[in-house]
Amino acid sequence: MASVELQNIDKSYGSFEAIGGLNLNIDDGSFTVFVGPSGCGKSTLLRMIAGLEKITGGDLKINGRRMNEADPIERGVAMVFQNYALYPHMTVEQNIGFSLRMAGMAKDEIARSVAAAAATLQIEPLMKRKPAQLSGGQRQRVAIGRAIVRNPEVFLFDEPLSNLDAELRVSMRVEIAKLHRRIGATMIYVTHDQTEAMTLADKIVVMRSGKIEQMGTPDMLYADPDNLFVAGFIGSPRMNFLEGTLGADGLVRLDCGASFRPDLMHAGGRDVPVKVGIRPEHFTGQEGAGGAIEVKVDVVENLGGTRFIYGTLSSGQPVIVEDRSETSRRPGETVTAAFPARKALLFGADGQRIRDTQPANAIPAE
Ligand SMILES: Nc1ncnc2c1ncn2[C@@H]1O[C@H](COP(=O)(O)OP(=O)(O)O)[C@@H](O)[C@H]1O
Ligand SMILES: [Mg+2]
């Protein structure tokens with residue numbers, strides 16, 4: 001196991017800055033997930049930790065030792081790629097043992113390590129097959145096996161499940177979580193799938209354009225996002241952002257006509273435009289302390305245990321409401337969706353969260 005520190009890390013490709021001044025501490029034995037849209041720099045960051053990409057500026061430390069110029073082997077890391085990168089002419093057994101043979105390990109010792117990895121991943125019956133004779137999920141297990149035998153202190157996964165079908169992705173996700181629990185190594189995992197991030201991570205790092213937008217536990221990012229980007233990225237279906245105004249009187253007036261008193265101590269001063277973030281699952285049947293919106297039902301997605309209403313507000317804005325009631329809803333019908341004030345998050349025109357400590361609409365001193 002090992003800790004990983006990124007201190008003021010930069011990466012430029014010519015004049016293009018892919019990563020800018022990034023700081024991050026990854027705890028020994030933790031499971032950290034980088035998420036963010038395609039092109040935000042996730043792979044670049046992982047490849048710099050692996051030693052596959054030169055670091056333009058800043059310090060990479062593994063277990064406190066600066067590793068910027070160290071060979072990939074010296075770093076004690078092993079990487080698993082999205083496309084598996086197996087040798088097609090070798091059997092599963094040879095693929096898994098390859099790095100050990102290269103390192104000159106004794107034959108019987110290699111056999112023992114390979115067998116142990118195969119047992120962990122439950123691929124013993126496949127040992128004599130070639131990659132072409134394996135399913136996508138089996139190939140990905142072999143790729144993970146190849147990382148395991150190197151006994152790394154840090155595992156790096158770059159979208160390892162993206163090429164698998166939905167069902168297999170879910171079961172492999174559970175396998176990876178179990179693997180982490182069993183071997184306890186530090187794991188750094190890249191994905192663009194927020195569900196994968198939410199279910200695997202101790203800590204999620206949300207990235208955009210080579211910078212960290214926010215990091216924290218899955219629960220923290222879900223409940224307390226710093227800005228619209230993080231709020232919209234985490235959670236499925238996505239958080240609703242209702243247009244409105246935070247008034248001088250401390251009330252929020254939504255463009256669709258509803259109003260409510262937000263869960264802020266210091267709101268008030270002058271009118272400012274806001275977006276009100278409410279997750280589909282935070283609407284309730286009854287009105288309570290909070291607000292309520294009238295939603296015209298367009299489509300009902302029935303998942304059996306729960307339903308999602310895809311509807312429209314009187315302002316024309318689309319909205320998604322989770323409906324756990326027994327009543328069935330029909331397209332064209334109007335339903336009242338109430339929400340508690342403490343679940344309604346306010347965001348200012350700059351996209352940043354309006355928190356109590358910084359009254360967004362305080363009247364500036366002359
Ligand atoms: N070898 C390269 N040369 C130039 N630009 C690159 C190179 N590799 C990546 N980039 C750019 O750096 C940015 C981050 O890429 P990447 O780390 O692959 O993103 P992600 O993995 O988050 O999708 C992208 O804009 C990409 O086009
Ligand atoms: Mg990538």
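Reader: Which residue stands opposite Y310 in β16?

Author: V299 stands opposite Y310 in β16. This is a predicted model, in which local features need pLDDT of at least 70 and side-chain atom pairs count only at pLDDT 80 or more, while totals for chains, interfaces and linings use all residues. Residues are numbered from 1 along each chain as its sequence is written, and side-chain values use heavy atoms, with hydrogens and water left out.

Reader: How many bridges join β15 to strand β16?

Author: Six bridges join β15 to β16 (residues 307-312), and the two run antiparallel. Strands (E, at least two residues) and helices (H or I, at least four) are DSSP runs, numbered from the N terminus. Two strands pair if DSSP finds at least two bridges between them.

Reader: And which residue takes a positive phi in that hairpin?

Author: G304 does, with a phi near 90 degrees; the hairpin has four residues between its strands.

Reader: In which sense do β15 and β18 pair?

Author: β15 (residues 290-302) and β18 (residues 334-340) pair in the antiparallel sense, over seven bridges. In β18, T334 stands opposite K296.

Reader: Turning to helix α1, why is it largely enclosed by the rest of the structure?

Author: Seven of the nine residues of α1 (residues 42-50) are buried, so the helix is largely enclosed. Buried means under 20% relative accessible area, exposed over 50%, and partly exposed in between (1.4 Å probe, protein chains only). Among the buried residues are L45, L46 and I49.

How values were computed: Chains are lettered from A and ligands numbered from 1 in the order in which they are written.
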